[in-house]
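Student: Hi! Could you walk me through this structure? I'd like to ask things as they come up.

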Amino acid sequence: MQVTFLGTGTSTGVPMIGCQCNVCASADPKDKRLRVAVFIESPSANILIDIGPDFRQQMLRENITKLDAVLITHEHHDHIASLDEVRAFNFLQRKSMPVYSSARVKEKLEQRFDYVFEKSPYPGVPRIDLIPIHPDQVFQIEGIDIQAIEYMHGSMPVLGFRIKDFTYLTDFKSISDAELEKVKGTKILVISAIHYRTHHSHINVPEALEIIEKLQPEQAYITHISHWMGMHADVTPNLPPNVALAWDGLKIEL
């Protein structure tokens, strides 16, 4: 299984529009961050987690020509904005796109993209099958077991996902011990940390490092990174040996 980080930035992306800080002005490609998403490629299925505003650019950059399913963590714009763009894969693959989310998010998607789910949609709209999943559910995509993990993004429930020895947790402020039990034994952990300061709905780097220390993965990657984090080259030397800032285009093998 190969995982590609399509985007590792927070909701504004990095550089942020109009910003002249040293991170946004950096020439280092690792400081250029599209909105968060990962692409999981296995012999049986290609799976995308989140489909934000930069989806088209990400697909073209990585030359992705096959997509079997989309997992949605929650309904914020930077995680769902390009759902309409799955129509390209409808055309290529000649079938509907399965999209998995919580029941609440399913309703939000039906509202946000109401024209897709009308009884008589106009020709050319995306063909999408919305499939609700429960936080305690282990579901399958093309024979791959996926464990849903629920945590809180401020007051909003969000889903993370564990696939074999890979776990993806983004956009959260708190997670229960019971949900952390689902993560234990993970070899590769992806966890969001927006920057070093306290935030009302996201954990910061010190809080992420506490969770990593508790879970003891072989390797952890930090994602959903703000320009306030600092430059990749400056932050990296201060992280533990088994922790790294993810960057756009990073590929890991499991």
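Tutor: Happy to. One term to begin with: buried means under 20% relative accessible area, exposed means over 50%, and partly exposed is what falls in between. Also keep in mind that this is a predicted model.

Student: Okay, so which class does glutamine 137 count as, and why?

Tutor: Glutamine 137 has 28% relative accessibility, so it counts as partly exposed.

Student: And where is glutamine 137 found?

Tutor: Look in the loop between β6 (128-132) and β7.

Student: What is glutamine 137 in contact with, leaving aside its neighbours within four places in sequence?

Tutor: Its partners on that count are Pro132, Ile146, Gln147 and Ala148. Take glutamine 147: along the chain it is 10 residues from glutamine 137, and the two C-alpha atoms are separated by 6.3 Å.

Student: Let's move on to the strands. How do β7 and β8 pair?

Tutor: Strand β7 (residues 138-141) runs antiparallel to β8, with four bridges between them. As an example, glutamine 140 has aspartate 145 in β8 as its bridge partner.

Student: What sits between β7 and β8?

Tutor: The two strands form a hairpin with two residues between them. Glutamate 142, in that turn, has a positive phi of about 50°.

Student: How many bridges does β8 make with β9?

Tutor: Eight, again in the antiparallel sense, with β9 covering residues 156-163. Alanine 148 stands opposite phenylalanine 161, and glutamate 150 stands opposite leucine 159. These strands also form a hairpin with two residues between them, and glycine 154 in the turn has a positive phi of about 70°.

Student: How many residues of β9 are buried?

Tutor: Seven of its eight residues, so to speak a mostly covered strand.

Student: Which strand comes up next as a partner of β9?

Tutor: That would be β10 (residues 166-169), paired with β9 in the antiparallel sense over three bridges. Phenylalanine 161 turns up here as well, standing opposite tyrosine 168 in β10. The hairpin of β9 and β10 has two residues between the strands, and lysine 164 takes a positive phi near 55°.

Student: Switching topic: which residues touch the most other members of the largest nonpolar core?

Tutor: Leu71, Ile141, Ile146, Phe166 and Tyr221, out of 30 residues in that core. Apart from it lies another core of 26 residues, with Val158, Leu169, Ile212 and Met229 among them.

Student: What is isoleucine 141 in contact with, again leaving aside neighbours within four places?

Tutor: Isoleucine 141 is in contact with Ala45, Ile47, Ala69, Leu71, Tyr100 and Ile146. In general, nonpolar side chains in soluble globular proteins tend to be buried together.

Student: Last one: how many cavities of 30 Å³ or more does a search of the whole structure find?

Tutor: One. The largest cavity has a volume of about 30 Å³.

Student: Which residues line the largest cavity?

Tutor: Val14, Val23, Asp31, Arg33, Ile225, Ser226, His227 and Gly230. That lining divides into three nonpolar, three polar and two charged residues.

Terms used
Residues numbered from 1 in each chain as written. Predicted model: local features only at pLDDT ≥ 70, side-chain atom pairs only at ≥ 80, totals over all residues. Heavy atoms only, no water. Pairing = 2+ DSSP bridges. 1 Å grid on protein atoms, 1.4 Å probe; cavity = no way out; pocket = protein on both sides within 12 Å on 5 of 7 lines; lining within 4 Å. Points joined across faces, edges and corners; volume = space filled by probe spheres on them. Nonpolar A, V, L, I, M, F, W, Y, C, P; charged D, E, K, R; others polar. Core = buried A, V, L, I, M, F, W, Y, C linked by side-chain atoms within 4.5 Å. Buried < 20%, exposed > 50% of the residue type's maximum accessible area, 1.4 Å probe, protein only. Contact = heavy atoms within 4.5 Å.
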